[in-house]
Amino acid sequence: MSKSRLNGFAVPVISVIFGLVLGAIVMLVSGYNPVEGYSAMLNGALGRSYNVGEVFRLASPLILTALGFSVAYTAGFFNIGLAGQALCGWLVSVSLAQSFPDMPRILLVTLCLVGGAVAGGLYAGIAGFLRAKFGTSEVIVTIMLNYTILYISNHMVRYVLTDNADATPIISENASLRVPFLQQLTGGSRLNAGIFIAIAAIIVIWILMKKTTAGFELRSVGINPFASQYAGMNANKNIVLAMVIAGALAGLGGVIEGLGTFQNIYVMAAVPEIGFDGMAVSLLGSGHPIGIFISAILFGILKVGGLSMPGAGIPKEVVEIVIASIIFFVGASYVISYLLGRFGKNAQKGEIK
Amino acid sequence: MLQFLVIVVSSTLVYSAPLIFTALGGTFSERSGVVNVGLEGIMVMGAFSACVFNLFTADLFGSMTPWIALLVGGGTGIVFSLLHALATINWRADHIVSGTVINLMAPGLAVFLTRLIFDDRGQTDIIQERFGKFSFPVLKDIPFIGDILFKGTSAPAYLAILVAVISYFVLFKTKFGLRLRAVGENPQAADTLGINVYRMKYAGVLISGFLGGIGGAVLVQSVSSQFSRSTITGQGFIAMAAMIFGKWNPLGALGAALFFGLAQSLGVIGPQIPGLENLPSVYWQVAPYVLTIIVLVLFIGTSQAPKAIGKTYIKSK
């Protein structure tokens with residue numbers, strides 16, 4: 001195992017430990033018992049098969065949004081609009097499911113998945129196109145697109161998909177991603193076929209980025225757009241392509257929420273959490289597909305387990321502090337690498353290895 | 001007509017004030033070369049601390065409470081932005097990752113503390129001493145203009161405009177401002193000239209913390225009146241957009257923040273505009289964001305940001 005590979009594992013692991021320790025300190029200082037807190041969390045995440053199912057259920061869309069973030073990041077873009085792109089996929093897939101409730105299941109699910117992915121891809125493509133054509137900052141554009149889709153979606157739910165209701169009715173059986181055997185396996189959790197979609201996406205993206213010319217070009221553009229252009233790659237095309245792939249993945253994440261977890265769409269106060277959490281998962285996993293899988297599960301454990309912490313009298317927001325600190329340490333990995341005796345070299349660049 | 005203008009102007013000012021402060025803060029940070037995506041999180045902490053301070057000291061300070069709470073919010077912003085400064089300036093963290101951490105951390109921390117203080121409730125009580133309507137002593141008697149601009153208006157907004165003018169002078173007419181900008185454009189050269197690059201960057205980030213915290217404090221004390229997770233919902237990001245829109249110039253940021261304030265208030269007052277009352281509200285809600293994108297595409301060139309922005313300066317290089 002090479003030294004840098006070792007470092008690639010060490011930094012996230014140490015960050016997680018630091019994050020948990022910091023969370024423990026926060027609990028101690030606030031007068032709570034960290035042992036009780038963390039055991040409530042672990043028990044809440046892994047104590048029953050239902051909870052384990054929920055952990056994987058929560059991880060599924062995160063894997064997709066995190067992959068989306070890392071594809072864009074590899075190509076040199078900071079896609080802060082994952083949440084909006086996911087909402088776009090969610091909205092379109094549920095709208096399709098509502099429009100054709102009696103279509104045969106295999107057709108309807110495919111239609112909803114493709115529709116959601118295309119919607120997310122096109123929505124992110126706006127930011128890619130504007131960046132390629134006019135040099136407009138994708139950070140600002142994707143932030144603005146988040147709010148735009150939020151209000152559009154709420155309007156659609158209230159006045160188009162329903163008659164002034166806050167949520168649409170549950171989608172028909174034919175569009176659902178829930179599969180009985182997964183639910184039976186996990187004591188009736190909301191675990192659904194989304195987990196298979198997420199795992200498939202990990203494999204597809206890994207092959208795409210590592211083994212194909214398109215992936216090579218995306219990585220080259222991320223490292224040095226000018227050199228890539230000189231070598232005959234079309235930088236503008238790659239900009240748009242990277243954002244479209246990222247958006248399609250985020251869109252699929254939204255589809256899983258829509259057809260699997262919630263089975264409807266409702267009026268939201270903010271864009272879906274899977275967007276920003278996906279960013280964090282990708283950063284923690286160093287953009288590596290396997291790293292993303294592991295960190296998504298970790299997020300699932302923290303978040304699902306966190307819900308049980310109020311049972312021990314501890315506010316569940318501790319989990320958010322822990323998560324943010326973990327990412328903080330990953331971001332400041334230079335210090336950790338430095339402490340590990342590696343000078344100068346930046347181990348964390350979020351590339352797909 | 002006069003009545004309508006009065007409503008438009010006063011609500012624009014109310015919605016603009018937090019954005020102006022925060023956008024100015026972002027300008028200082030980015031002029032020193034440190035990207036600050038964490039403005040949103042800084043606003044959250046400013047809003048939270050100001051709100052709590054206000055609730056507990058309102059009896060003591062009376063009508064002065066909101067103003068003192070501004071300083072408290074600013075102070076908390078400084079403390080919180082230290083995290084960003086440390087990570088980006090000393091620890092070579094990616095600026096955007098660090099800023100994202102600020103945004104992830106703030107709501108969790110603030111709501112956690114809120115639960116600690118308010119018996120496990122996720123929101124604070126409602127504050128009693130808030131920024132009310134303010135009328136300028138003499139100016140309000142000017143006919144027409146006085147009615148629109150100086151009567152029953154938002155005092156923090158006028159303070160924000162004043163701070164914007166001062167910021168302009170500081171950035172472009174003082175030695176400190178020259179040095180700050182030099183560090184953001186070419187840190188090597190600045191270092192060669194004997195400027196302490198790290199100290200200037202700290203100054204930039206901490207000023208952004210101070211002004212961003214004030215931005216949050218203004219918002220909670222003039223718009224929402226209580227702190228909860230939904231008090232700050234994207235205003236930090238909008239302020240960031242205003243900063244970029246304003247080309248990293250305090251007066252530009254002021255103009256852009258006023259524009260966003262107007263656009264946001266349209267969501268509230270739009271349905272009262274004669275002839276447009278039947279337009280679905282979604283158009284008013286979406287307008288500020290879509291307009292921002294259009295304006296960015298049409299008017300903003302690509303190479304306006306400080307040249308060394310987002311890069312960690314390593315002295316030995």
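How are α2(A) and α3(A) oriented to each other? They are roughly perpendicular to each other (65 to 115 degrees). The model is predicted, local features need pLDDT of at least 70, side-chain atom pairs count only at pLDDT 80 or more, and totals for chains, interfaces and linings use all residues. Residues are numbered from 1 along each chain as its sequence is written, chains are lettered from A and ligands numbered from 1 in the order in which they are written, and side-chain values use heavy atoms, with hydrogens and water left out.

**View 1. Packing of helices α2 and α3 of chain A.** Helix α2 (residues 34-46) and helix α3 (residues 49-74) of chain A pack at about 85°, and their axes are 5 Å apart. Axes are lines fitted to C-alpha atoms, for helices over the stretch in contact, with angles from 0 to 180 degrees between N-to-C directions. Helices are DSSP runs (H or I, at least four residues) numbered from the N terminus. A:Asn43, A:Gly44, A:Ala45 and A:Leu46 of α2(A) meet A:Asn51, A:Val52 and A:Val55 of α3(A), contact meaning heavy atoms within 4.5 Å. Of these contact residues, four are nonpolar, three polar and none charged. Here Ala, Val, Leu, Ile, Met, Phe, Trp, Tyr, Cys and Pro count as nonpolar, Asp, Glu, Lys and Arg as charged, and the others, Gly among them, as polar.

**View 2. Helix α4 (residues 95-117) of chain B.** In α4(B), 20 of 23 residues are buried, that is, under 20% relative accessible area (1.4 Å probe, protein chains only), with exposed over 50% and partly exposed in between.

**View 3. A:Ser15 in helix α1 (residues 3-29) of chain A.** A:Ser15 is buried, at a relative accessible area of 0%. Not counting residues up to four places away in sequence, A:Ser15 touches A:Ile326, A:Phe329, A:Val330 and A:Ile336. A:Ser333 is 318 residues from A:Ser15 in sequence, but their C-alpha atoms are 8.2 Å apart.

**View 4. A:Asn164, in the loop between α6 (138-161) and α7 (180-185) of chain A.** Phi of A:Asn164 is near 65°, a positive value in a residue other than glycine. Its relative accessibility is 52%, so A:Asn164 counts as exposed.

Definitions and conventions. Helices (H or I, at least four residues) and strands (E, at least two) are DSSP runs, numbered from the N terminus. Angles under 35 degrees count as roughly parallel, over 145 as roughly antiparallel, 65 to 115 as roughly perpendicular and the rest as oblique. The expected span of a helix is 1.5 Å times one less than its number of residues.
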